Amino acid sequence: MRRMWSITRPGLSGTELLEVGEDHSFNLMLGWVVAVVESIGCAIEYGPTAEEDPVTTQGPRGHPAARGRTRSRLVTIAAAAVAGLALMLSGCGIVDTVTGRSVSTVDEVEFSQELAIPPLAEPRVDADGRRVFELTTQSGEREFLSGQTTQTWGINGDYLGPTLRARRGEKVAINVRNELDEVTTMHWHGMHLPATADGGPHQPINPGETWSPEWTIDQPAATLWYHPHPHGETEKHVYRGLAGMFILDDDVEAALELPREYGVDDIPVIVQDKTFDDDGQFTEGDREHAGMLGDTLLVNGTLGPYLEVERELTRLRLLNGSTARTYGFGFSDDRQFALIATDGGLLSEPHDTGRIRLSPGERAEIVVEMQPGERVVLRSYPPELGTDGSATRKAGGEDSFDVLELRTGATLGDSPPIPEVLVDVPRLDPSEASETRQFELRTRTINGQQMDMDRIDEVVIVGTTEIWEVESGHGQIHNFHIHDVQFQVLDIDGAPPPPELAGWKDTIFLPPRTPIRLIMRFSDYADSSMPYMYHCHLLWHEDRGLMGQFVVVEPGQGLEQPSLDSGRADHDHGE
Ligand SMILES: [Cu+2]
């Protein structure tokens with residue numbers, strides 16, 4: 001039996017490889033070596049086999065990663081000692097050592113736990129008509145693995161947080177209390193709102209304190225989410241469990257015949273990858289190009305989940321809540337499904353497809369049809385990353401996972417067919433753009449600069465439309481998230497966007513060296529003293545400096561120096 005779940009770590013550290021990997025010629029050379037070796041058909045297995053290590057028979061739930069790595073290091077040393085000979089004779093050992101190994105949990109997951117549905121938060125309505133939510137960040141523990149207790153963070157609980165829900169036109173107020181021992185923040189990802197309410201690094205919440213932003217919901221129905229955004233620490237805070245879904249409703253969506261009974265035929269699906277150590281704790285710090293890639297999935301915090309489907313049509317609100325991993329979602333029998341919404345809301349019409357790629361932070365609402373007496377698995381197939389050679393493997397581009405099993409009983413409730421037309425998505429007109437800006441992402445920088453809390457990178461005039469050209473300027477993947485606005489994709493390397501990228505988006509995947517033009521309108525909330533963020537949503541990249549700041553100002557308004565120092569922790573980007 002092959003070890004299917006453990007990532008063989010390279011001999012170099014992730015950081016060292018990242019620096020080497022920045023050199024395109026090295027990547028080309030590596031790609032060439034890999035191609036040659038793969039054409040020879042080498043297959044040296046590293047790590048223990050099931051016969052050698054009984055722990056591995058636990059499949060993807062056993063998490064023998066640490067032992068596998070120890071052995072990998074021994075093998076690495078041995079391989080290095082005979083490097084010259086190995087290269088001449090086969091090359092296999094060296095190549096496998098340098099490039100890592102893909103992960104697959106396909107057909108390995110026991111779907112033994114019912115999918116947890118995050119509870120709907122129950123806000124009170126105050127005298128001013130505001131819907132008031134109470135959130136508390138806290139540490140906790142949970143038994144993900146049978147017999148082992150994992151230390152976690154959560155919101156109003158031990159892991160993840162409740163689903164917030166509000167309607168267009170409503171005023172929301174959210175009290176976020178921080179019961180952690182360190183500074184955090186809470187960002188409303190995808191929300192159009194004042195910069196002071198955004199929950200970025202300039203709104204720190206000190207331990208024991210409460211932060212209380214409020215704003216009026218003024219955007220279409222959508223699947224948004226919330227998560228911390230502390231300067232340099234976002235990866236850790238999200239990875240440990242601080243995140244939740246934020247569903248927006250409106251009259252337009254409500255008038256459509258779509259599945260919308262929460263937890264029945266409208267299901268949140270928050271997908272996160274983890275690696276557990278021998279003690280059942282989340283491992284932190286073992287990173288490849290994209291960041292930390294785990295070998296085990298949690299869905300809504302459930303390991304090995306199944307869902308008892310009750311109706312013919314089920315709406316899945318997919319959220320990639322992972323820190324680094326990009327997924328290629330589809331079903332185990334390759335059935336088609338209807339993509340109905342992306343980050344910022346419904347598409348103009350359903351898009352029938354068999355795959356949807358989601359990079360960290362992206363969402364997709366899909367509707368899947370089931371027959372009575374069926375089982376089908378939501379799977380992540382190797383995502384199309386556009387990378388070459390080893391960069392693909394290092395970014396998780398060869399990995400596949402069984403995510404969630406959908407089961408039906410002997411009968412199913414009726415569902416009306418999905419409407420053929422959904423909503424009007426008015427196209428923003430590039431001829432109306434008053435500004436075009438370029439953003440080139442590299443290993444540690446955007447446009448050659450690392451994030452600086454005290455530097456405003458871009459100044460936008462309120463009420464204007466802009467075009468932002470974003471591109472990964474080297475051989476690795478990134479993505480790009482803009483706070484405050486939903487954007488549209490004008491073109492990708494000059495070509496019009498495919499249907500899945502034709503709707504409202506706030507986060508977009510960036511394949512290597514592929515220019516993507518986005519268009520967006522900054523309609524209101526001018527505030528020259530408080531910036532919004534734009535950044536790579538691969539959270540390790542963000543923490544390392546792939547982030548910048550923009551302010552939205554009134555025409556002719558001067559740029560005030562933001563008062564940015566309250567609660568700010570010193571942070572080293574790791575030069
Ligand atoms: Cu990045």
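Modeller: The account below begins with the core, moves to a loop and the metal site, and ends with the pocket. The model is predicted.

Let us start with the core. The largest nonpolar core has 36 residues. Trp 468, Phe 480, Ile 482, Ile 508, Leu 518 and Phe 550 are the residues with the most contacts inside this core. The elements that supply two or more residues to the core are strands S24 (433-441), S26 (464-472), S27 (478-482), S28 (488-492), S29 (507-510), S30 (516-522), S31 (532-535) and S32 (547-553). With 4 residues, S30 gives the most to this core. In soluble globular proteins, nonpolar side chains tend to be buried together.

When its neighbours within four places in sequence are left aside, Ile 508 is in contact with Ser 359, Glu 362, Asn 479, Phe 480, Phe 487, Val 489, Leu 501, Ile 516 and Leu 518. Another core, of 30 residues, lies apart from the largest one, and Leu 115, Leu 307, Tyr 327 and Leu 339 are among its members.

Next comes a residue in a loop. Asp 493 is found between S28 and S29. Asp 493 counts as exposed because its relative accessibility is 54%, and exposed means over 50%. Leaving aside its neighbours within four places in sequence, Asp 493 is in contact with Thr 514 and Pro 515. Asp 493 and Glu 471 are 22 residues apart along the chain, and their C-alpha atoms are separated by 9.6 Å.

The copper ion has as its protein donors His 478, through ND1, Cys 536, through SG, and His 541, through ND1. Along the chain, the donors follow the spacing H-x57-C-x4-H. Both Cys 536 and His 541 are buried.

Finally, there is the largest pocket, which holds about 490 Å³ of space. The lining of this pocket consists of 23 residues, and Arg 168, Asp 218, Gln 219, Pro 220 and Trp 504 lie nearest the centre. Helix H7 (251-254) and strand S19 (345-353) are the elements that give two or more residues to the lining. By class, the lining has 10 nonpolar, 6 polar and 7 charged residues.

Terms used: Residues are numbered from 1 along each chain as its sequence is written. This is a predicted model: local features need pLDDT of at least 70, side-chain atom pairs count only at pLDDT 80 or more; totals for chains, interfaces and linings use all residues. Side-chain values use heavy atoms; hydrogens and water are left out. Donors are N, O and S atoms within 2.8 Å of the metal (3.2 Å for Na, K and Ca); water is not among the atoms, so sites may look incomplete. Buried means under 20% relative accessible area, exposed over 50%, partly exposed in between (1.4 Å probe, protein chains only). A nonpolar core is a set of buried Ala, Val, Leu, Ile, Met, Phe, Trp, Tyr and Cys residues joined through side-chain atoms within 4.5 Å. Contact means heavy atoms within 4.5 Å. On a 1 Å grid over the protein atoms alone, a cavity is a set of points where a 1.4 Å probe fits but cannot get out, and a pocket is an open set with protein on both sides within 12 Å along at least five of seven lines; lining residues have an atom within 4 Å of a point. Grid points are joined across faces, edges and corners, and a volume is the space filled by probe spheres set on the points. Ala, Val, Leu, Ile, Met, Phe, Trp, Tyr, Cys and Pro count as nonpolar, Asp, Glu, Lys and Arg as charged, and the others, Gly among them, as polar.
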